[in-house]
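Walk through this structure with the sequence open beside it.

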Amino acid sequence: MTSFILPPLPNTMKLDRYHLEADDPFTTFYFTSEGPKGKISKVVQFTSFSESSFYNLAMGDYNPATGEIDDMVVTDNGDSEKVLATVVGAVYNFCEHFPSAWVYAAGSTPSRNRLYRMGINRYYEIANEHFILLGETENDWEPYVKGKEYSAFIIQRKLVDLDYEKQNAS
Amino acid sequence: MLRNSEKIFDKVQVNPALNKYSNVVLFPKKVAKAKEAFEKLGLPKVNQQSC
């Protein structure tokens, strides 16, 4: 019988990131951004809306005083790289629990979309090793082309054939 | 699965207080946009086993 497992993450992806907390089904994640603007609570949520394995990824600032979540706000807390790395950590963790999930991500604004694209482009080789990366076009999904502008992305964690790994290790 | 997860990233701590959000859509506008894409394009047709 062939067994599949998610491939391990290389040390190069051990980026500085915030401590993550999650709910029990591992679909809602929480962390605190720290910077010149102070401590800002962030929530990341993976939402499915059908019986399929299609999930939406969204992130926003959480206001503990009002309980409101704002995904349009530009926090500008000087830690966008660390925040992005933390969201990537949430994606990895989510995919460990939902390995067949397709995760759809679209920025709330063109500038946030650009930030996501820059993140993918910067770590494209590693991301491509671990995920199937597709970009949304007018009529279809297409394999992600580095540098090309997309309105949204969709990813799925790649699986490794353990039997193949074992055969090649021996 | 969790064992592997711990190897890959720092362990994610479960916070039961977050469970109240598990069945709540926190980003309805984003989800509506994703739903549009799903209804228009469907799931990508990629066979993992052929990757």
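Which side chain meets that of A:E81 in a salt bridge? It is the side chain of A:R122, at 1.9 Å, N to O. A salt bridge here is a side-chain nitrogen of Lys or Arg within 4 Å of a carboxyl oxygen of Asp or Glu. This is a predicted model, in which local features need pLDDT of at least 70, side-chain atom pairs count only at pLDDT 80 or more, and totals for chains, interfaces and linings use all residues. Residues are numbered from 1 along each chain as its sequence is written, chains are lettered from A and ligands numbered from 1 in the order in which they are written, and side-chain values use heavy atoms, with hydrogens and water left out.

A:E81 lies in helix α1 of chain A and A:R122 in helix α2 of chain A, so the pair ties together parts 41 residues apart in sequence. Helices (H or I, at least four residues) and strands (E, at least two) are DSSP runs, numbered from the N terminus. Is A:E81 buried or partly exposed? A:E81 counts as partly exposed because its relative accessibility is 44%. A:R122 is partly exposed too, at 47%. The cut-offs are under 20% relative accessible area for buried, over 50% for exposed, and partly exposed in between (1.4 Å probe, protein chains only).

The count over all chains comes to seven salt bridges. Another of them joins A:D61 and A:K42 at 2.7 Å, N to O. A:D61 sits in strand β5 of chain A and A:K42 in strand β4 (residues 38-48) of chain A, 19 residues apart. Both A:D61 and A:K42 are buried.

A:E125 and A:K146 also form a salt bridge, at 3.6 Å, N to O. A:E125 belongs to helix α3 (residues 124-130) of chain A, and A:K146 to the loop between β9 (141-143) and β10 of chain A, 21 residues apart. A:E125 is exposed, at 52% relative accessible area. A:K146 is partly exposed, at 44%.

Now go to the nonpolar cores. A nonpolar core is a set of buried Ala, Val, Leu, Ile, Met, Phe, Trp, Tyr and Cys residues joined through side-chain atoms within 4.5 Å. The largest has 32 residues, of which A:F29, A:V44, A:F46, A:L57, A:F94 and A:L133 touch the most other members. α1(A) gives the most to this core, with seven residues. A second, separate core of 15 residues includes A:A106, B:V31, B:A34 and B:A37.

Look next at A:L133. Beyond its neighbours within four places in sequence, A:L133 is in contact (heavy atoms within 4.5 Å) with residues including A:I120, A:Y124, A:E142 and A:I154.

What volume does the largest pocket have? About 1,100 Å³. Of its 49 lining residues, the closest to its centre are A:S80, A:L84, A:V87, A:L115 and A:Y116. On a 1 Å grid over the protein atoms alone, a pocket is an open set of points where a 1.4 Å probe fits, with protein on both sides within 12 Å along at least five of seven lines; lining residues have an atom within 4 Å of a point. α1(A) gives the most to this lining, with ten residues.

Of the 51 residues in chain B, 37% are buried.

Terms used:
Grid points are joined across faces, edges and corners, and a volume is the space filled by probe spheres set on the points.
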